[in-house]
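Let's walk through this protein chain together, step by step. Keep the sequence and the 3D view at hand as you read.

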Amino acid sequence: MSKAIDGFSKLNKQQKIGWLTEHYSGDSEAAAREFAQWQHPDTQVQKVIDGFTENTISNYTLPYSIAPNFLINSKLYAVPMVIEESSVVAAASSAAKFWLERGGFHAEIAGTVKLGQLHFRWMGDPERLQRMFPEIRTLLMSGSDDITTNMRRRGGGIRDIELLDFTHAEPFYFQLRVSFETCDSMGANFINSVLERFGALLEQFMTEYPGLDDAERDVDIVMAILSNYTPECLVRAWVETPIASFDDLARSQGMDAAALADRFATAVRIAEIDPYRATTHNKGIFNGIDAVVLATGNDFRAIEACGHTYASRDGQYRSLSHCTVENGVFRFELRIPLALGTVGGLTALHPLAKRSLEILGHPSSCDLMCIVASVGLAQNFAAVRSLITTGIQQGHMKMHLINILNHLGASEEESAAAQYFFQKQTVSFSAVRAFLESRRLASEESTSVSRPV
Ligand code: MEV
């Protein structure tokens, strides 16, 4: 049963922890100690972290890892990844190494257009609104000059404004769909500020425009917000190699290279045909993408939402990647919209996000799009390669075993013995516990036997 409270946000951090541990925790002292333990030792840094959201009482740690050997457009990167899932970083690193020896990843930007929408209701003739639109447009552009000056100086700004008539779907509903160039910033604040100004300017326009009746003057601004669907902020990443370069891998599986390449392409085609497989396939891509997006202080929810909409753009949810085997050449490609920023937002505030961008050599947002797409493709390559050869559990269980051993407090010696033993056994929590218990029992017995009476 929940305990309600008024004014929680007004309490200071200690009071919040006090209230929480008093009402919710089994062991309130241990919980308070734990929340305190995860605070950053530098109070200035902690203050910055506290400022990211409201009601912060502690920090939640995730591993910060590096996947080295990513050759992307002939430049070598060690890529920071933040993710909790076992074997994702190992898989990305292994795919990076595989492609390092085969020309690396290639990536190219197809567009950088960001979008925003002003949704409004207007009780007039749609054709009349279309006739008024050129004047509305001029007012919107000039009336938002002060907000766009800096962005225009950097080479960005408002690119286009379209008036869309949705009255067939919802009475009186129109939309302004606005395209932006936001340079190296993700641009959410910029876009939302411009759109809110557009709302105020549209209201002003309607009140001042001559010859409108009362209903037409009364434009109803429903909402002004960026769209996270940015199909024209698009990057394409690909790898290619003669199929003969799969010889070693294929031989280790008792196959020939052509059969392996063909099975890989079939697995990708299945994800293009079947939404159930496509969801898992794309989840594997986002394992890599989200990890870099998070490490660089970008918004992984926006990236995910956009990617999944893009995957459904023809009306069916499909794989984001595509594979061909033609004339003896294997080609694997990922096309994905990625609205990323390398300036502003958390990129400058989160100490490790800043460090990630430094490790990546201070990329532009376009460079970062190429890096993130390549890691997504690498992750997808590694997953499909495992699935069509050894199966996914071998790699997963190796990492899972380490997690279980840590959870059960195994010593280094016990861990080494368990890792040897479980090379040929199925890993499960109970099997690992039984293994440790029997070892510990055997060691106790041998100590008591050798103890002098
Ligand atoms: C697990 O996190 C991701 C995979 O399921 C992706 C896939 O099936 O392609 C292995």
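Is Glu216 buried or exposed? With a relative accessible area of 10%, Glu216 is buried; here, buried means under 20% relative accessible area, exposed means over 50%, and partly exposed lies in between (1.4 Å probe, protein chains only). Before we go on, please note that this is a predicted model, in which local features need pLDDT of at least 70 and side-chain atom pairs count only at pLDDT 80 or more, while totals for chains, interfaces and linings use all residues. Residues are numbered from 1 along each chain as its sequence is written, and side-chain values use heavy atoms, with hydrogens and water left out.

Glu216 has a partner: its side chain meets that of Arg128 in a salt bridge, at 3.5 Å from N to O. A salt bridge is a side-chain nitrogen of Lys or Arg within 4 Å of a carboxyl oxygen of Asp or Glu. Glu216 lies in helix α8 (residues 214–217) and Arg128 in helix α5 (residues 126–143), so this pair ties together parts that are 88 residues apart in sequence. Helices (H or I, at least four residues) and strands (E, at least two) are DSSP runs, numbered from the N terminus. Arg128 counts as partly exposed, at 22% relative accessibility.

By this rule, the count of salt bridges comes to 19. One of them joins Asp50 and Lys13, whose closest N and O atoms are 2.9 Å apart. This pair, too, links distant parts of the chain: Asp50 sits in helix α3 (residues 43–50) and Lys13 in helix α1 (residues 13–23), 37 residues apart. Asp50 is partly exposed, with a relative accessible area of 22%. Another salt bridge connects Arg152 with Asp145, with 3.2 Å between the closest N and O atoms. Arg152 is partly exposed at 40% relative accessibility, and Asp145 is partly exposed at 39%. Elsewhere, salt bridges that share partners join Glu108, Arg236, Glu240, Arg331, Glu333 and Arg335 into one network.

Now step back to the whole chain. Its secondary structure comes to 18 helices and 10 strands, and its C-alpha atoms fill a box of roughly 110 × 70 × 40 Å, taken along the principal axes. Of the 453 residues, 43% count as buried. Among contacts (heavy atoms within 4.5 Å) with a separation of 6 or more, 70% are between residues 24 or more positions apart.
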